[in-house]
Amino acid sequence: MTSAYVIWVDNYNDSWRRGFAKLGRNSYSQNNWTGVALRQGQENIDMSVVKIDGQIVPAMPDDPLLFTQQAVDMILMGSVGPIDRSTIDLHNIETIPSLYDTSLLVAWAPINRVPLKPDPSNKNIPRYYRDVLSQAPDTLGNFHVVGIFEENIGSNEGLASIIKKFYDSQGMEAQDCHRYFAMTADMNIHKRLLRVICDLV
Amino acid sequence: MYDVSGGGSQLRKHMSINLCWWHNLKQASHTIWKKFSDILWAPLWHHLYPDSAFFKTNQSPQDELVHMLHAASAWPDIRDQLVAMNLPSVGGLSVNSKSLVANLIFLFDYAIPAVKLLIIFIPANY
């Protein structure tokens, strides 16, 4: 089993731009660099490709909105347990069970950190989630810098160039590429990548 | 770039593109902040911090989250009263006031609690 990691990309020099009063500010405000890092997984997750009838099951569906209904159901179900979907009309709030009483804010109270993060020592939190929170997977200890690319990911050309670098360096073109990859990005990059990856124009 | 060469389908065969987890939370908070700023967040802000500027679309995510968290914590104290005011049989409120009450109930009972760590609730059979 190969260890799981997530590729993280973002504009690099926002903090530099803020740090300079005048000197070099214009250069840094153009976001000409892209930071790349790997966030390491804490558990063994098998990232090997899955094949059905000899064909690789794609890492993403053709239609990114394919599971919208399931996502809405999960929002409701996660708080109130299994639901009878036939009794709920999402356009009529009277038919939606209240999410407040069973929300994490109440079930895992008190939650009062900003940014929001449940306290791992809170006994109201189930043991499994406390263990995950205790591992603190979001700390910099699990964040490994790959480097800074001399590309502006804010431009379409820079975005394509960076994706192509990943594509080539990870050997995704090869027929025997045997694992999946996961990439996370901010709103702007994610939106543009979805347009490319799912042919949404 | 946005051509029909098939590059997109080739890429998504091995790679999934995800919104950064923090950005999901941030985006949802922004939407709630913007949507309910006229009826709650702006008046509350000016009540708490007189003479300070309120930003409907450019408030920091930390500001938004901490105000939502504290407002949601106070919700049980006013919930019964507002739900009672929202009953069809209750008169005396203007249409605008009724709408305001219904929107506040929606905000605290559905909108804010819906912002959560969805990923930990994904059952294995999905």
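Q: What should I know before I start?

A: This is a predicted model, where local features need pLDDT of at least 70, side-chain atom pairs count only at pLDDT 80 or more, and totals for chains, interfaces and linings use all residues. Residues are numbered from 1 along each chain as its sequence is written, while chains are lettered from A and ligands numbered from 1 in the order in which they are written.

Q: What pattern does chain B follow along the sequence?

A: Helices (H or I, at least four residues) and strands (E, at least two) are DSSP runs, numbered from the N terminus. Chain B reads α-β-α-α-α-α, with 5 helices and 1 strand.

Q: Which strands form the open sheet, and in what order?

A: In general, strands of a sheet pair through backbone hydrogen bonds, either parallel or antiparallel. Here a pair takes at least two DSSP bridges between two strands. The order is β5(A)-β2(A)-β1(A)-β6(A)-β1(B), with mixed pairing. Its edge strands, β5 (143-149) of chain A and β1 of chain B, each pair on one side only.

Q: Which residues have the most contacts inside the largest nonpolar core?

A: A nonpolar core is a set of buried Ala, Val, Leu, Ile, Met, Phe, Trp, Tyr and Cys residues joined through C-beta atoms within 7 Å; buried means 20 or more other C-beta atoms within 10 Å of a residue's own, with C-beta atoms placed from the backbone. In the largest, with 20 residues, they are A:V9, A:A185 and B:I17. α7(A) gives the most to this core, 4 residues.

Q: Which residues does B:I17 touch, leaving aside its neighbours within four places in sequence?

A: Contact means that C-beta atoms, placed from the backbone, lie within 7 Å. The partners of B:I17 include A:M60, A:M183, A:A185 and A:H190.

Q: And how many residues of each chain are in contact with the other?

A: 33 residues of chain B meet 45 of chain A. Chain B's side divides into 22 nonpolar, 7 polar and 4 charged, where Ala, Val, Leu, Ile, Met, Phe, Trp, Tyr, Cys and Pro count as nonpolar, Asp, Glu, Lys and Arg as charged, and the others, Gly among them, as polar.

How values were computed
Two residues are in contact if their C-beta atoms, placed from the backbone, lie within 7 Å. A residue is buried if 20 or more other C-beta atoms lie within 10 Å of its own, exposed if 12 or fewer, and partly exposed in between; C-beta atoms are placed from the backbone.
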